[in-house]
Every structure is written in structure tokens, then in C-alpha cells.
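Hi everyone, thanks for coming along.

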Amino acid sequence: MGGAGEDWAGALARVEGRAYWRAVGELLGDPAFALASARERPLLDGDDGGDPASHAAALVPGGLSRRDFLRLMGASLALAGAGGCLEPPRERILPYTRRPQDVTPGGARWYATAFPLDGYGTGLLVESHEGRPTKVEGNPLHPASLGAAGAYEQASVLQLYDPQRARTPRRTRGAAAWAAFVREFAPAPVGGGFAAGGAGLHLLLEPTSSPLTASLLGRLRAAYPRAGVTFYAPLASAAPDDATRLLFGRPAQPQYDFSTAAVVVALDADFLSGMPFHLRYAHDWAARRRPASPGSGMSRLYAAEGAFTPTGAVADHRLRVRPSRIAGVAVALLAELLREPGALPAGAPADLAAAAARARAALDAGGAAQDDAAARGWLSGVAHDLLRTPGRSIVIVGERQPAVVHAIAHALNALLGNVGRTVRYTVPPLAEALEAAGPPVPLPALVERLRAGAVDTLFILEANPVYDAPADLDFRSALGRVRRSVCLGLYENETAAACDWFVPTLHYLERWGDVRAWDGTASVIQPLIRPLYDGRSADDVLAALLGLTGARTYDLLREIWRKRAGPADFEPFWEDALRRGAIAGTEAAPLDLRPAWGALAALLARVAGDRRARAAALTPGPPVGSDGTTGRGEPEDGGEPRAPAAADLELVFVRDASVYDGRFANNAWLQELPDPLTKLTWDNAAVVSPRTAARLGLEAGRLVRLGLRGRELIAPVFVLPGQADGLVALALGYGREGAEAVARGVGLNAYRLRTSDAPYFAAGATLEPLPGRYPLATTQAHWTMAGRPIVLSATLAEYRADPEFTAPHRGPVTALYDPFGYERGDQWTMAIDLTACIGCGACVVACQAENNSPVVGKEGVRKSREMHWLRIDRYFLGSADEPGVAFQPMLCQHCEKAPCEYVCPVNATVHSPDGLNEMVYNRCIGTRFCSNNCPYKVRRFNWLDYNADKAETLEMAMNPDVTVRARGVMEKCTFCVQRIRRAQQAAAVEGRALRPGEVRTACQQACPTQAIWFGSDTAPDEELARRLRDPRRYAVLHELGTRPRVHYLARITNPSDAGEAAAPAPAGGQPLPAGPGSAGPGSAGQPPPSPPPRPGAGQRAGEA
Amino acid sequence: MAAAAAAPGPDALLRTAAGDAELTDRLLAPLWSRARAWWIAFAVTGAGTLLFGIAIAYTVIAGIGVWGNNIPVAWAYAITNFVWWIGIGHAGTFISAFLLLLQQRWRASVNRIAEAMTLFALVQAALFPVLHLGRPWFAYWLIPYPATMEVWPQFRSALPWDFAAILTYFTVSLLFWYAGLVPDLAAARDRAPTRARRLVYGLFALGWRGAARHWQEYRIAYGLLAGLATPLVISVHSIVSMDFATSQLPGWHSTIFPPYFVAGALYSGFAMVVTLLVPLRRIFHLEDVITTRHLDSIGKMMLAMGWMLIYAYVVEAFLAWYRGDVFERYALLVSRPTGPYAWIYWIMLACNCITPQLLWSRRLRTSPLVLLAAALLIQVGMWTERFIIIVTSLNRDFLPSSWHIYAPTWVDWSLLAGSVSFFLLLFLLFLRFVPFIPIGEVKHLRHELAQEEVAWRGEQ
């Protein structure tokens, strides 16, 4: 002891000035203290930058000294006393003892970023709470968004926090560090690099518009000139580029302006919900579709399509036609227009009209054109309207159509004088990367190279070809021939399982990057959160291959943009780019293009030519990545469009509204998002028309063996009115087999039937009914309105004749008691324009993300327990063959005389002075009487504990402003009360009143067509005031006297009189069945629900 | 009826027993018996009760998602069972109190059984509304207790009234039953073979000695309780019907519901009395105590109630048509007869409307087997009626977009089967431990009848 005392004295004597020491051990320079403090540090400081392995080593209690032992014992005792029976928390907490400058605890912040999909970006504003993104909203300054955000964008937050995301890199089976990856692939001297010139090196990635990726690819090509690059996206097609190359001599991207188009003709084109830039298209289209008054005009939409899409659903005249016959329709339309005197454009060969007529006749003879009255009527209506509106129309073609149809559409637009007005051409945003990467290797060529052993190392960056490559390529076996395969992916998916190396990729909310929108506008992708796992972006991998290991992607990105910003000061430019989310002046360069009419005539001659030439011209192009420039191989037998045999079926592969091409399959929000038309969740199915189903003796849920060219798939059938007869529509993206637990085993894999020569649609499908049945989960089991005034509709002409047709469904209702006086303060109200609703479902996911709504799974949906506060009701009108469709967003109506309120025995649902029907979760005991008495059935009940055992990361996705509901309580739409209160608080702090339009609900914000509008009744903004005055306004179930605060504006369609004369009478077809019959097993297996009374042919006033 | 009761005929059987003591011994005999059949029945119902317990525990632990309920059919089996049991619980008090006030003497030998049935049915009925709550542990929030937060139940809702009505009814029924039981418990005490039993019966007999003063006060108390219980027979099911009638759901929103529900309740209640009495009468050879005249009277009651119900059905359908409301027309005239639950609807009509027509015939009415069969059919019919009212109104209401089918799960079925088992188990215990024929009243009636006969003979 004495010795120790001397040590102290000595040590203290050596201390100079104001030196602080924490413990005697430190003062004495005791090595045991150093060790102990090193052990503690990781717990306090976190593992910033250190090697995890060395940390782990430091934490292992190697030899414990007596002193350490006593210290630990003391600490244990103290903890035992302090902690009591509670387990001490293991998580690190971040107490803001010194608050970061720009963070207000509890306050939300918004950052601009962009969501990339198949190479095109949508600008977003992302809400962030204390450093974690919780909600995605559209960026009003971004041309692809204009403030709206679709379902994929909305649900991407959940994907970020998906607990099944891959977390660490691995090599074969064992975990591997990124450093090892760099050592293996970076060029010398850092790593092993590749053979000289990069022979045997190949990259497979999605098409990209990113200037950063393009520059990295360019540098890679410079470093490894012999390396190959393949761009592949299963839903993208080379046909559009082929068409412009053919007609204009160069790839060009059409840019449509729907806001000035009076007539739109969509040929198999779901431009409102299924194409890049669809949010913008929907916005612009809807701007011409909301009749502000009976006098205002509306644009007219013609659609020809096989499978039902939202675009077809809102079309004024829809032609049901198989995808293979769209070419016939296009040719016929061209011939029709060229027949007009003086229609021949300058510079066109004189026999163009004759060529078109010949092509039309050839297709008619071949049975490829519609020969029935419906098609003729539709065509003459279109032709009439197009000629009436020169320069104010758009002909748009869906990506999956062959190049000839695209070419005809371009020719039609030129012919009608639309080019330069409603249609412009620009350089394709994808061109930069394509050029940088050198001559692209199509996917089939890549597979050949793989089989030939010509590829030594294959990098698959954020693509999943083992799952989604055409089945005839058998990508999986080809991949086995490669010496080294590397996969970069968000999940350990099918491709990851087949690759040697796997590196988790970064979610777009975690990484830096850039992306261009369809119109070329560039945005910086800025991260909202530090990477959750040990992942790298595709740009990081490319940089590593280049040996740019020292540079961060952030620096590379800034470097690119520093060059592009020009001589101006870079920092303000950069800050502006980040802040606005869209870089001004980066739109794609416009092109002034004139169609080569001779090329078109030649094309038409091919169509009119012999069978073989015609087949080659009309076969849909292979996907992007296939060789689009050279002539492709002869189609196998069956590729030839021909007159349908009795059992001849055509199969069309469609983009899924929920899972896209399969990449979102692990997103439970999207899986549970009902398809706009079928309302199917958690599955895909072989969708057929009622007539086809009847012919083949099928009903919904029946299993069939679906065959195409020797390949087979067992699939359940779903019957959807309005689909083309003889057509089987099958959504891609299901039947996943990767490690993603949500996606695994959901639906069936349509890629197994998809071959590279017929990737979009193919004739010669067979359908053989099997004895079994398969349960499908739909959220809406009934199809008609049963003759009730629910969605009121009228044609524009009818509306003009009787503007007050909704009058019986609004205004005061006789009641015993006077209504409660809601006149003081803001009175919240919503106006939904049913004319604008396209049923896309963006609002449904937005609501789910904003309000922490749980998913219930397929069984839950089958039991009708889905928790969506907002649903989109879809009703068919008219006959089952040619149905009209009405979409109706249905949410809590916030009735002033709410039937739910007076039946609650415990006052758990009450009314606020500002007109909200409020739900007090912690008072609710769950009698469900409120739901029984709700005529709109918008209340949702927590039947089970849906929020139990939530993964930690999923907890981070929750909106902290909204309660996560417990089991056994009722919930429903709150009109986003948290947003109202936040705005009110902000206004109170600033000592002002709320500004009109200051509060926007999540659904309103997401809606691309602005169908939903919200605000205060007493201080409305201009738009709300206009809608509340609109003569179309009505209340659903008005006669019940509930006085809803949600007002609907009746649905107005704009069919042409000429078209109407020719269109088939709606009542002529098959009657609508009551529903798909998949409503669940009836009580002890009773027959499916019998059809309710059919609505009449007239659609006036909801057929009441 | 009094005159009929005095007439010689099957009633004479009441007088066959040798004397009061012998009659008492006979009626108390089941309490001391060790029948194997009882144990078998106990085991079966015990197993069913165990299933009930398991289903309840599962429901409470996992949540009512284990049932088949959904949105729109937020109420189904639990509320169906609740209304069904409450209905069954009506006949007991009706027989005991209503008929006592009306001095219907034929009630004497059956009223104890009917009262016990009422109590046990109410126990089942009371379980379901609590179980069906999303958070059953907060069921007490329905009670207007002075909470510190000053939150009260909402009195505009029918449910707190429902809760109060059931509680009142149960309390009064229990008191009424127990008050009537006291003299017989004393008799059991006096004849109990073991000291333990003497002690227990003695405890519950409250020192009854059969003194004249006891009888006098007993009569007053019993009469008062009967007066108190009688209006409850009407009120309870009226209030239960308000759960539906105050809503605006087509098929529920109807002013005919209170009388309709009361009639239906008595209908099923009498059916349950028959279901219990007929086997009991046979097993314990009580044909001379529970006479065919009893069966005859109950049969007539069932016929009358059946017709009231038929009237209600007709009025309901007619008004749905006459009112011209599309939703109501659809619910009552399309959805019920032709919808997904149509087969249940037609079973209901067959059981409830056709079955009672058998009872026009006196021969069939007094045949125990026919009556039992009719009673069972009526039980089924009344259960399906509640199911039809609740589920078909909910599963297709205003907006077709939300229409959805309901299918019960094994838990739903277990709760129904379990509650029947539990009911029967309680009833078995009652037979085993409580004098199930009111001995005092039977003896009283016997003396009355004897005197009347003497008087009648004197007149001859």
C-alpha cells in the first residue's frame, strides 16, 4: 500500500497545469485501465470506421485482472440494484444533449430526392423524422411528378426498412468483406483486376439514364475496351427505338403533352398508370377532363386494348381487341386517314395511301384486323375525331407493341400535325449510358457467350435475370458456365443464389446518385439515411472496378456535375440541385424530325407482303437488351397472327400494378394493394373474359393448365368483364423463389412461359381446366352497384342538357333534429372528382404509409379484413362484354350526423368541433357496433395484433405522428388529423390563421390526377371552393341523412355522338355476373352469390 | 283453467302418491342417487365445457380474429348465441312469475326447472357480449361507475342499457329462484343422509322451519319478486332488440323488433323447457308430477308464440316492400330469400313457421316425443333466425363494394357447442344438488286440488 501511495504522489507531481484524469488508473498509466476503457468505448462511441473484427476481439474478456473482476462485480451489483427486474436496454440511444443545428426533435423535415425505375426517375420529397425517412411525397418542382407519387414510390419506404434485405456481402456461402471484393476485382496494384482489355468481363445491368453511371461505364470501357455490357429490363422493349430509327433514322423519344390534346388515341397504351412518366401524363390528361362547368369542354380518350387497364377504364370509347390485332387497328386507322383527300403529307410517296390500303386489306384477309361492327364503329369515330382536331390530338402506343405500330403512330401524329404541338421528340435519356457502354450485347447474345465460355466474370448489377430472363434462354444454367459471377441486389434473390459473389445494394434512399426523368430532367438522388446494412450501390461497384476506391461516390457525382454546371459557381448550383430536386435546364435536347415516308411505305409493303414478311413485321420486339437493330429470327410456328381457331387463345404478359416486374414482390404494402381492375391481392391469375370463360367452362378460382409453345404453368383463372375474348392476361412478377419471405410462393411465375421471341404476347396458348380450385383474395367481391345511386355518371351531353342531375342527391334532408351548428372555425371537407379518378391506387398506399396501417396478408384479405382506410371501389356498368368502369375512392365520410357515433357505448368515436369524426383508440373496447352502423363500411378493425413482433427496422418506418393501433380497437380515416394539427400548431406559433390549402391529406398529395381535394369549408382555397359549387356535387347515400363531409363530383364521360351510333349497345352483351365468386367459402359451401338486379343500359344518375 | 285443473282426468295422477312425506321422499330421491348415467352425462358435458374454456382462452389471448368475423360482418356467432341464449332465458321467468301472477297453477311442478334454465341460459348469454369485445378486459367501461376521468358510458347507445337490463334480469331471476327454493332446501336438509349435506342444505335453507309466519312472509316476498320479474320478461329482450333496431342497417332498423324479439324469445324459451322436461319426466318417472296437461299447455304457448312470430315475419317483409326503400327491399326480399345464406333462411322459415302447425293437434301436442322433436326444431329455427337477422343484414348492406361473405371458424363452432355443453353441465349439477321440482308447491297444489275435489263432490 505504501508503494502505491508513493506512486500516486509521484504521478500527481508530474501533472502539469489543468490536466484532468478520470481514474487513478489513468493517472498511473495503468495498462489495465487502458484496456478497460477501450472495452467500454465501443458501447459509448459506436463503431465508426473501425474494423468489426478488431472490435469483437477487444470485447472478448481475455484475462481478467483482479481489479477488473472487482470492478465488474461492483458494476453488476450497482446495475442489479438500479435495474431491478428490468433488463437494461441494449440499444444505443441518442440523447440530443446538444441538438444538431437543423433537427427539431418531433419535427419533420423534407428532402428532395428521386426514385429510379427502369432507368427513369420520379422526383420526390421525402419526409424525415430524426434522420429516418418515413413518407414519400411527390416533388411539385419535378416534371415527372408535379407533386404526385405513385404506389411504387409510396411503398419504397417499406422496402428501405424491409427486414429481409440482404445485409452483408458474401462469397459463395461465407460472409466476405467489401475489402475482399475490392482486392479481388479492383485493378492492380489494389486488386487482381481483369485480363488485358477486359476480355471475359461482362456487365449486366438495368437501362440507366444516370450521368454518373454513364460516365463510369465510359471510363470502364476506356479501361477495359473488350468488356461487354448488357442492359436488360424485362418490361422494357426495343420496339419504340426501332420505330424511330426506322422512321427518323435515329432513336428519339416522343414527349406528349396531354394538357393540350383534345383527342387521345391509346393503342394498347396504359399511359395513365403503366408507362414511365405516367404521373405527369395522368396529371396533364386529367387537366382536360374535369369539366369545371357544364359549358367547359373535355378531351376525348379512345383506347384499344386487350387486358383491362386504368386507361381503358376511363376511356370514352374502348375497343376490346387482342394485342396482336392492335397492328391491324393501327394500319386501318392510317389507311382511313390517308383516304381523306389532301391528307397525303409533303414528301410522301404517292402510293402511300395505296400501300396502307393494301396492308389493311392484307391484315383483314389474314384476320388480324377487327372485322366486327364494334371495331369499325370505333375506327370511324377515331378517324372522324382526329380529322376534326388537327394538331390537337395524340396517338400513343404501348411499349409492348411491335415497331410497326409505333412507326404508324409517329406517322399519324405527323400526318395530323401534332408534331411540334402535342408531340415533341427529344434525345432519349437512356442514350447517354448506351453510348458510353459501347455496342450493347443483347441478352440472348450474352447467353450465347456465357454458354460458349466466353465470359469469365459476369457482374449482374441490380437485375434478376435468373428469375426474369425469357425462359427459352435458361439463364440459370448459362450462368453456371461462368467462372466468377457477381450479383448486386437488394435481396438474396434467385440470381443471388446462383452467383458466387453477392453484394447487397443500397436502397435509393441510402445512396448518392443521379437519374433523369422521361423528359431528360436530371435529379440528384440524395440519401435520407446512412446505409442500414453493409451495402454498395451499382456506382460504387463500377468505381471499385475502376480502382476508384479512394473516391466516394458523392465526390464522383459532384465531379460529374461540376463539369456540367459550367463555369458558374458550383456550390450554389449543387445546393439548388439538392434543394429543388430537379436540375433546371437538363431536359433532353429537342429533335426536329421528319418521318421518312418511304420507310413507312416499305414497312407497309412488308405488312402487305407474304405471310413470312408480315409475321416478321408484326411480331412484337424482344425486350431491351435483345438486338433491336438487326433483323430478328423467324418466329416459331404460332407467332404468325392468324384467324383464331375455336380454342386458339392469345396470351399477354402484363406489368403488375403491385409488384411491377417482380422487384417489389417483397413489399407487403404493394402485395396487398388491390389491382385496379381485378381487385386481386397477393396473387396473379390467368385473367379471361366472361365469354371466354363460359366457352371454356371456367369460373373464377378454377385451376387450369396454361400452355404456350410446350411450356406449362398451373394457374388459377380470374374472370374479368371487358377483357378481349380469347385473350389470357397474366401478370409478371409473381412466383418468386428467392430468399424474400413475403414474396416467396405468392402467385405463379409467368416468366416461365415467356420466351425471347414472344415476350409480350403470343398466340397459340392453350388452357386446360383442371379439377382443383385455388383461393384468390379479392377486396371487392361484387361488381355492380345493384342499381343504387352510388357513383352517379352522365355523358357530357347529358350533363349539359341537365346540369342539375345530381340535385336529388345533395342538399338538406328532412330530419327530426336541427343539424349541429358547425360554423365556427375551419370545417374540414373533401371533394372527390370521380371524373378524374383512374383507380391507380396511389392514394391507398399513401394513406397506408402515412397512417401506419398494417397489412393482413392473403388470408386476412380473403376474410375481408384488409386495413386500408381508403379503398377504391370499382363498379362495372353495362354489359359484361363491353362494361363501363367507375372508380370511387371510399373513405370515412366524416358524417356530420355520424351513425357510428351514437351507437358506441363508451364514447370512443366522437365529433370534433371542426367536423372530424374522431376515433379515440384508447377508449375503444371493440364492440364494432360503429362498423355495423356505418353505411359506407369504411371502418377497420384490428382483429388480431397486427403490430406484434414488428422487426426493428419496420418500427422505423412508422410515422411518429400517428398512433400504432393495438389489437381489438377500431380505426378509420382521420382526414390526416395529424397534418391538420401540425399545420394549426405552426400557424399558432406564427400567430396567424391557417392559409387556404395549407393542409393536404396524404391521399390528396399522392393523387396524380388531383381527383381528391381537401380543405376547410369555411376558408377554402380556390379549387375546393370551385368543387363545392360544382353542380356535379353529391353525397353518397345522401338520403340516409348522414350529411357526409366528403363530397363527390359525378363522373362525366365524353363519348362522341358519332361513335355512339356505331358503338355496340351496352345492353346487348352478356349480363354482368355478380362477382368473381371468390368471396370466400360460403357458410358450408353455398353457391356463389346470386346476381343482384342488373343496372339498366342508361348510366344516368347512377342508374337509380 | 282453474276449473279444468280441478276436473278428474290425467291430473288425478298428482293425487296418486300416498301422502306428503312419500311425495317429498320421491321428489328428493334424485339428490341422493348415484346414477351412472348422470356421471356419463357429466363427463360428456364436462368435455364440452372444457372445449368452451379452451375456445374462450384462445379468443382472449389471440384476439377475436380467430373467429370468422370481418368487415362488413362484424357481428356473427357471438351475438347470435347471445340473443339466442337470452331468448331461452325468457321462458323461465315467464312461467314462474307471469303465470304465478295470473294464478296459473299448472306452472307449479315445472317452474323450478324453468327458472334454473333461465339462470343457466343467462350465464351463457352474459359471456358472449363480453367475449365478443375487441378488448374484453375493459367490459366494465359499460357500467356507469364514477370514474376519476369523468368518462361515462354513452347513454344514447343501446349497449349500456343492454348491459344493465341483463344484469337486472339476472339478479332478479336469481333472487326469485332462490326465494322459491328455500322451503325445499329445508326439506332437503331435514332428509339429508349425511351430516355434511345437512350442514350445507341447512346453510342455504336460511333457518327455514316451515312455521306459518315463515310461509306468510315467504308468500309476500315471492309475490313481490314475481311482480318485479314480470316486466323484466318484456323489457330485457326489448332492449336487446334495440341493439339492432336503433341502427340504420336495412334488416335491423325496424320498430317491430321489440315485440317480435319478445315473442321469439318466449318461443325458444318454451322450446327449451320442453327439451329439458320431456327427458327429465321420463328418466325420473315424473309423469304424475309433470303431467300431459303441462305438456299440453306448453304446446299451446308454443303455438301462440309461433303465430306471433309468423305475423312478425309477414309484417317485416310487407313493410320492406311497402316502404319502397331499395336497401331494405333488397335486404329482406332479395338477399335473405335468394342470397348466399338463403338455405339458412329457408331452414329458419321451415323450423319456425311449419313446425308449430303440428301443435294444433291435441294428440300431437300431448305426445312427449312429438313435442320434443318440435322443440328441437324450434331451437334450431330460432338460432338460425338470429343468425339471419344479424349476418344477412350485415353482409349485404348499402355499398355492394363492401359486401362479403361470412364463414365461421372452428372457434365459432366450439363456442356454440361449448356453451350448450356448459349449459347442460350446469343443469346436471342443478339436478344433482337442488330439488328440481318445487316440493312445497306441489304439495300445496295437491291439497288445493283435493279440497276442490271434495267441494266438487259435495256439490254433486
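Let me start with two residues of chain A: A:Tyr256 is buried, and A:Phe258 is buried too. By buried I mean under 20% relative accessible area, with exposed being over 50% and partly exposed in between, using a 1.4 Å probe and protein chains only.

A quick word on the ground rules. This is a predicted model, where local features need pLDDT of at least 70 and side-chain atom pairs count only at pLDDT 80 or more, while totals for chains, interfaces and linings use all residues. Residues are numbered from 1 along each chain as its sequence is written, chains are lettered from A and ligands numbered from 1 in the order in which they are written, and side-chain values use heavy atoms, leaving out hydrogens and water.

Now, the aromatics. Searching the whole structure gives 81 aromatic pairs over all chains. Rings of Phe, Tyr and Trp (its six-membered ring) pair if their centres lie within 6.5 Å; planes under 30 degrees apart are stacked, over 60 edge-to-face, and the rest tilted. So what about A:Tyr256 and A:Phe258? Their ring centres are 6.0 Å apart with the planes at 45°, so this pair is tilted. In chain B, by contrast, B:Trp383 and B:Phe387 are stacked, at 5.7 Å centre to centre and 15° between the planes. These two are 4 residues apart in helix α14 (residues 368-395) of chain B, so about one helical turn separates them. B:Trp383 counts as buried because its relative accessibility is 11%, and B:Phe387 does so at 1%.

There is also an aromatic cluster with members from both chains: A:Phe929, B:Trp75, B:Phe244, B:Trp252, B:Phe257, B:Tyr260, B:Phe261 and B:Tyr313.

On to helix α9 of chain B, residues 257-283. Helices here are DSSP runs (H or I, at least four residues), numbered from the N terminus. Helix α9(B) has 27 residues and reaches 39 Å from first C-alpha to last, close to the 39 Å expected at 1.5 Å a residue, the expected span being 1.5 Å times one less than the number of residues. Of its 27 residues, 23 are buried, so α9(B) is largely enclosed by the rest of the structure. Just after this helix, B:His285 takes a positive phi of about 50°.

Finally, charges over rings, meaning NZ of Lys or CZ of Arg within 6 Å of the ring centre and within 35 degrees of the ring normal. A:Arg564 lies over the face of A:Trp561, at 5.6 Å from the ring centre, and A:Arg923 lies over B:Trp141, at 4.9 Å.
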